[in-house]
Amino acid sequence: MPPNYVQTLKHSKQIMGRPRAQDLSASRLKWVIAFLVAWGVLVAFRLYWIQIHLHSYYQDRALRQHFVQKNIDPIRGEIRDRNDEVLATSLPSESLYVTPPVFYPSYSRKKRADGETETHWGEPDMVFANQYAKLVAGVLDRPEAFVIDRFLRKSSWFLVERQLSPLKVAALKEVNKEILREVNKEITDKSDQKGKSRQVRRLQRKEPALVFIPEYRRHYPRNSLACQVLGFVNDDGQGQLGVEKAYETMLAGQTGVINAPKDGLNNYSILKESYIEVPVNGSRLQLTIDSTIQQIVEDVLAETVSKSRPITAHCVVVEPNTGEILAMAGTPVFDPNTSTPNKFRGRLDSDFSNAERQELRAWRSTQQAARRLHPLEDSYEPGSTMKIFTAAMALEERKVRIGESIDCMGGQWLYAPNVPPITDSHRYGLLPFEQVLWQSSNVGTAKIGMRIRPAEFYKYLKEFGFGDPTLNFAGETRGSVPAPVAWSTPTQYTLSYGYGMSASPLQVLMAGCAIANGGKLMKPQLIKAVYNDKGILLKAYEPEIRFQVISEETSGLMRDVLKGVITEGTAKKARLDEVEAFGKTGTSRKVINGKYDLKRHYASFMGFFPADKPKYGILVMLDEPAGDVTGGDVAAPAFKKIGDSILRYTSSAPQTVQSENLRLTLQDWPLNGGDEAAIHVQKGRTPDLIGLELRNAIQRVILAGGTIQTKVEKTSGVGAYKVVSQTPEPGKPLPSDQAVTVTLRSP
């Protein structure tokens, strides 16, 4: 082949447009490189976008897939009495929910283009739903229609029943298992597996219709005991009354938060490191209430109501020296374990028949009355009980003396023109100061009260605690005491015997405790101590003195005087079997439509025992007892039953009552002539005894807080012995380790 042939051929190919192989490879390489570079840049950008820019988004998605964040509810704190008996506790429980999609064969969910989720329900499988509901209704003791209604709600899950008992939970879990067994049997029997319903597939994948959520339910072991004091909680575990509401923050604790890992079957485990916020269980409250005394009070009240048929009856028992409330009760009562009757729980009002609506309204009305804490919430005019405070003021201010005669005007006193007269139930004439209280004379008490200046009278009322709240409970009444600037002509007269002002029963009893305990108005105390859930003491409450209202001397005089109310006066039915007591009856008319109704009244008795060193103060009150009866007729016998039962319970040693000729009390040593009104003995200082008769000297030394020793000079005189010398001298500090020595001589 000629050499020029090859060259000619090569030249001809170039002319025809065919590139050489090496030229073709070189031209493609740059495009390949460009593609690889672009792909690498795109991948790098995508990696940057996902790993850097969208890091938080995908991290959150991963955490949601592998972790579950849940609130951990704390356990509500216990409530116990002073002797550590449990009055309220929280028990493990479970609430029943249903997953309605199980009963809808065509149920499906898909995302739309706009990102929203579209849910398709279709028609429910009623045969399957009825089969399931029949078993569940039998366990819950509910109508089958009630259960079906919840099964077919178009929601991912729905509440059926809150806080079930362990027995019901176990039975319902067996229902789940039974349904699963029947479904699996149905699937096995079917030859055409493609025709099985969606709910069958769900159940086969272990997705039962019933779901149980752990909770705690509040339980009151003593049922209605102290129900108004304890209160109750609603279905969400929030306090609704009494201690449960007043101390909600302490009892509820703090909710915790966990971020717990979960597996593919949605089982999750709680590890120590899973807690974002650790839950804090509620504190345990120890009350001052004594369960046994509370039970005594409630039993006596129930018996009293059956006999006297009042609208309500209530009672408070207090330790006078500390202000601790040992019992507080009223009628009627309720069971805090039942916040709503089971037949009405979880149902809409539209589901009720007319008869059921009327039944529910009647139940709610009854509960409203039963849930009222009468000793705190009721406001009334104290009536005759107030007379002891008027008498104490007058004694403290030296405006009256023991044994002084008071003219009771034959039972009627027209003290000012154009005003109604003050009247008594009997035509009393001259009565000694003590008998004014024993016989509960309105006229005599008003005359004593008018000896006190209005500003002083008002000051004493406030220091006795009237017009101020006591426990700061929701719904508690403050009462009302008008200031002197608002007084009209009759005001101070009527205030003296308990009209023209209002107070709660607890306020009256706490004021009475100041008469009994040496003159100290104590703050009422219902909480004794607070512990955490491990039993570690967080806070102990100590007795708190609000005011020193009257002196110990006046308190002693009043205790002696008020013994006669039981032995000689209007409260003979209050006499205790084993110890001496003192107190005061009260019968106050009710205001109806702006006028006093002579047929409707409060009957009460307030008493304390043992008389010399009171450990218990009790106020019993009946609201509109049947018949024209007084506090001495119906409330005093209830006081006796409660007092005698308390003494038996506490195994108190009976006090030996000394014979009259051996007992030395202040009442047995009356002063002569107005001496006590002229001289106010200073406690802790030796009084001036020179020239006094023996009984007057003994009186002053006792009032000053000392003891006395006598020496008698023999004389030929006749008559009463009088003090001629004394050691220590008048005005000197009263010695605590030795007696005041006086020398007596007969003139």
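**Before you start**

You are looking at a predicted model, in which local features need pLDDT of at least 70 and side-chain atom pairs count only at pLDDT 80 or more, while totals for chains, interfaces and linings use all residues. Residues are numbered from 1 along each chain as its sequence is written, and side-chain values use heavy atoms, with hydrogens and water left out.

**Stop 1**

Select V32, F35, L36, W39, V43 and L47, which make a nonpolar surface patch of about 590 Å². Patch members have over 30% relative accessible area and no salt bridge; like charges are joined within 9 Å, and nonpolar side chains (Val, Leu, Ile, Met, Phe, Trp, Tyr) within 5 Å. Areas come from the Shrake-Rupley method with a 1.4 Å probe, and for residues only the protein chains shown count as cover. A salt bridge here is a side-chain nitrogen of Lys or Arg within 4 Å of a carboxyl oxygen of Asp or Glu.

Now pick out F35, which sits in helix α2 (residues 21–53). Helices (H or I, at least four residues) and strands (E, at least two) are DSSP runs, numbered from the N terminus. F35 has 55% relative accessibility and counts as exposed. The classes are buried under 20% relative accessible area, exposed over 50%, and partly exposed in between (1.4 Å probe, protein chains only).

**Stop 2: salt bridges**

The whole structure holds 36 salt bridges. Here are some to display:

- K307 and E303: their side chains meet at 3.4 Å, N to O. Both belong to helix α11 (residues 291–308), four residues apart, about one turn of the helix. K307 is exposed at 54%, and E303 is partly exposed at 32%.
- K640 and D644: this salt bridge spans 3.0 Å, N to O. Both residues lie in helix α21 (residues 631–650), four residues apart, about one turn of the helix. K640 is partly exposed at 22%, whereas D644 is buried at 7%.
- R478 and D468: the N to O distance is 3.9 Å. Each residue is in the loop between α17 (454–463) and α18 (491–496), and they are ten residues apart. R478 is partly exposed at 46%, while D468 is buried at 18%.
- R76, R218, E244 and E248: select these together to see a network of salt bridges.

**Stop 3: a three-stranded sheet**

Move on to the open sheet with strand order β24-β26-β25 and mixed pairing. Because β24 (708–713) and β25 (722–727) each have a single partner strand, they stand at the edges, and one side of each is left without a neighbour in the sheet. On average, neighbouring strands are turned by 30° against each other, direction ignored.

Zoom in on β24 and β26 (residues 740–745), which pair in the parallel sense over six bridges; strands count as paired if DSSP finds at least two bridges between them. Across this pair, K711 stands opposite T743 in β26.

**Stop 4: the helix across the sheet**

Which helix lies across β24, β25 and β26? Select α23, which runs at about 160° to β24. Axes are lines fitted to C-alpha atoms, for helices over the stretch in contact (heavy atoms within 4.5 Å), and angles run from 0 to 180 degrees between N-to-C directions.

Helix α23 (residues 694–704) is mostly covered, with eight of its eleven residues buried. Among them are I698, V701 and L703, along with R700. Finish at G705, which follows α23 and has a positive phi, near 100°.
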